[in-house]
Amino acid sequence: MIELSGLWPPGLGLLVGALLAGLLRGPARDVVVLAAPLVGLAMVWALPEGAAARVDYLQYQLVPVQVTELARLFGTVFCLTAFAGVLFALRTAPVDELAAGLAYAAGAVGVTFAGDMLSLFIGWELMAVASTFVIWSHRTPAARSAGLRYLLIHLFGGMLLMIGIAGRAAESGTLAFTGMTLDGVPEWLILAGFLVNAGAPPLSAWIADAYPEASPSGMVFLSAFTTKTAVFALLVAFPGALVLIPVGLYMIVYGIVYALREDDMRRILAYSLVNQVGFMVAGVGIGSALALNGVAAHAFAHILYKALLLMAAGAVLHRTGLRRCSDLGGLARALPFSAGAALVGGATIAALPLTVGFTAKALIASAAAEAHLTAVWYLLAVGSAGVIVSGGLKFPWLVFFDRPRGLRPGPAPRPMGAAMGLLAALCVGLGIWYQPLYALLPHALSYEPYTASHVLAQLQLALGAALSFFLLLPWIRRQRGITLDWDWLYRRAGYEAGRRLARWTGLALTRIEARAGRTGAALTQALHRQHGPHGALARSWPVGSMVLWVTILLAAYLLVYYL
Amino acid sequence: MKDAILVRNGPALWVLLLGLVISVGLEWSFVTGSGHSPALSLLGFQALLGLAAGLGLGGIGWALAGLLARREGYYGD
């Protein structure tokens, strides 16, 4: 039975746009790729609250569309970012990147409106495949290798998720995508599948490995969807799972330390992405209504400001072809609009007043304080200060304001500027008029961000952290080379172990074959010696000796029988 | 003196220090203005936390650098 009741999945608008993008050319294609996210956004808002579409499949009931406040919040920001991403990429990206980007967004929106685990899985895998094509569309050897590693990691995560879903369906007989408790192996596998996409340890390195190898516009798409759908899934399925608090705190510190060590501007932002998702994962672990509101608001804000920062970095990369901070510097004069975007993005990630970071990011820390989790509150504050240094200041300062390197790039193309302007306006607009964002949150919220103590505390934290940045600046500048990460285990140790295993297996097989050959030859010779024309068994034997042998054998048989 | 940090990052550092003084002053006025006795230990606490956190995390990064930093192409691809 199919009961859609006119509830079409909002991801469909994006998916149709992705398919048409490949068929059309010129202005018609521009119109379609820009319109598709807006159609998706309209579909998100046309769905009535609480409605659900149902489809019977085998003995299960699938719910491909289930409208919740949380789904609408994530669907809205996904469609907005898809629009900004397409606009940013419009004049520079190949058509396959645009199509893959839209399909990727369709998968993400599909996940947010999924009411059952199978529909969620379909969107999940669509994201994995489409995002791999986003990386591959950069068409460099590094992008090919990184894309393949990325795909393998995500197929592994998808496999864990699928086993967990099947196990849960077998145990409980339901595929419903609702809150779960970690009391069985299937639930742990589902959690592991979600955490792989969130960039949790020990598989955090895929973000910094794969994302920076995408094109300047490709990384904008990549930053928005995969990790945030994982956060969405954790919000729905595992609110209050305490194990998520240490996982999130690890991600916070890991992201900051590695971003501080990094020289590649887009890898800095990739590590900072892990760090920000860490706040959200920890917030899900705290699990109170305020914390869950904080996670949703932080995810919404983070998608906007991270895309903005990556657009600024993408514009620099597009114009200069350089990605290392040590090769860049003093570009604010040549790329003023991008510098402005980086400053707004940096101020937002630093949660300065009048930005959406300020209005959205304080909720999780407040929830930790409200739950009397003092150590967690301190670590979140330390993380907030670290973010200011590693994400808010390092990239904008080193690329746009540090020592000039004599580069004179032209300004960013207009569509890029328009996309950055749109996201910067949202970052500031939702920092000043934050009520529309708060109204979208899943739980009722009475929180006033603009209190004197909050403004002062945040300013002081930012000033103190900024002071440490300038004290550390000489050390932060000199960062060439790479820092080993967990991916060393599969890119170096695992590869080396596999190579040695293959060599040893090959050697062992050769030896076994040689020994088997020699043994076979010896056996043939022995048989030939006994049975050949001159062998002992080919000769005629005297009757007397044969009778003697028969008697011996019969006697032996009798003896064995009576024993 | 030419290599001193304060000279190298001159304007930014002075602006930051000025901002810190102003913010602590504002905090003082809010605390005393609200009728509470100024808890000196809390004034500027967030700024100190920010400074300590930045330096601490930077220190961890510095320590890790010796252990984990490698030249380009270490992964062999």
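1. A salt bridge is taken here as a side-chain nitrogen of Lys or Arg within 4 Å of a carboxyl oxygen of Asp or Glu. The model is predicted: local features need pLDDT of at least 70, side-chain atom pairs count only at pLDDT 80 or more, and totals for chains, interfaces and linings use all residues. Side-chain values use heavy atoms, with hydrogens and water left out; residues are numbered from 1 along each chain as its sequence is written, and chains are lettered from A and ligands numbered from 1 in the order in which they are written.

2. Over all chains, the whole structure holds 13 salt bridges. One of them joins the side chains of A:Asp209 and A:Arg149, at 2.7 Å from N to O. A:Asp209 belongs to helix H8 (residues 205-210) of chain A and A:Arg149 to helix H6 (residues 141-172) of chain A, so this pair ties together parts that are 60 residues apart in sequence. Helices (H or I, at least four residues) and strands (E, at least two) are DSSP runs, numbered from the N terminus. Both A:Asp209 and A:Arg149 are buried, where buried means under 20% relative accessible area, exposed over 50%, and partly exposed in between (1.4 Å probe, protein chains only).

3. A:Asp487 and A:Arg491 also meet through their side chains in a salt bridge, with 3.0 Å from N to O. A:Asp487 has a relative accessible area of 4% and is therefore buried. A:Arg491 counts as buried as well, because its relative accessibility is 13%. As background, side chains of opposite charge can pair when their charged atoms come close.

4. A further salt bridge runs between the side chains of A:Arg323 and A:Glu213, at 3.3 Å from N to O. Here A:Arg323 lies in the loop between H12 and H13 of chain A and A:Glu213 in the loop between H8 and helix H9 (218-237) of chain A, so the pair ties together parts that are 110 residues apart in sequence. A:Arg323 counts as partly exposed because its relative accessibility is 23%. A:Glu213, with a relative accessible area of 14%, is buried.

5. Helix H13 (residues 336-349) of chain A has 14 residues, which at 1.5 Å a residue should span 20 Å; its end C-alpha atoms are 20 Å apart, so the two agree. The expected span is 1.5 Å times one less than the number of residues. The buried residues of H13(A) include A:Ser338, A:Ala342, A:Gly345, A:Gly346 and A:Ile349. Among the elements that cover the buried residues of this helix are helix H11 (265-286), helix H12 (289-320), helix H14 (356-370), helix H15 (374-401) and helix H16 (414-432) of chain A. After H13(A) comes A:Ala351, with a positive phi near 60 degrees.

6. A:Thr355 is placed in the loop between H13 and H14 of chain A. Its relative accessible area is 5%, so A:Thr355 is buried. Not counting residues up to four places away in sequence, A:Thr355 touches A:Ala347, A:Thr348, A:Cys427, A:Gly431 and A:Tyr450. Contact means heavy atoms within 4.5 Å.

7. Chain B has 3 helices and 1 strand, in the order α-α-α-β from the N terminus on. Of its 77 residues, 29% count as buried.

8. The contact between the chains takes 40 residues from chain B and 45 residues from chain A. Together the chains bury about 3800 Å², 72% of it on carbon and sulfur atoms; buried area is the accessible area (1.4 Å probe) that two parts lose on being put together, summed over both. The count between chain B and chain A is 0 salt bridges. On the chain B side, helix H1 (5-8), helix H2 (10-33), helix H3 (45-68) and strand E1 (69-70) each give two or more residues. H3(B) provides the largest share of that side, 17 residues.

9. A:Leu463 sits in helix H18 (residues 452-477) of chain A. A:Leu463 counts as buried because its relative accessibility is 15%. Leaving aside neighbours within four places in sequence, A:Leu463 is in contact with B:Leu16, B:Gly19, B:Leu20 and B:Ser23.
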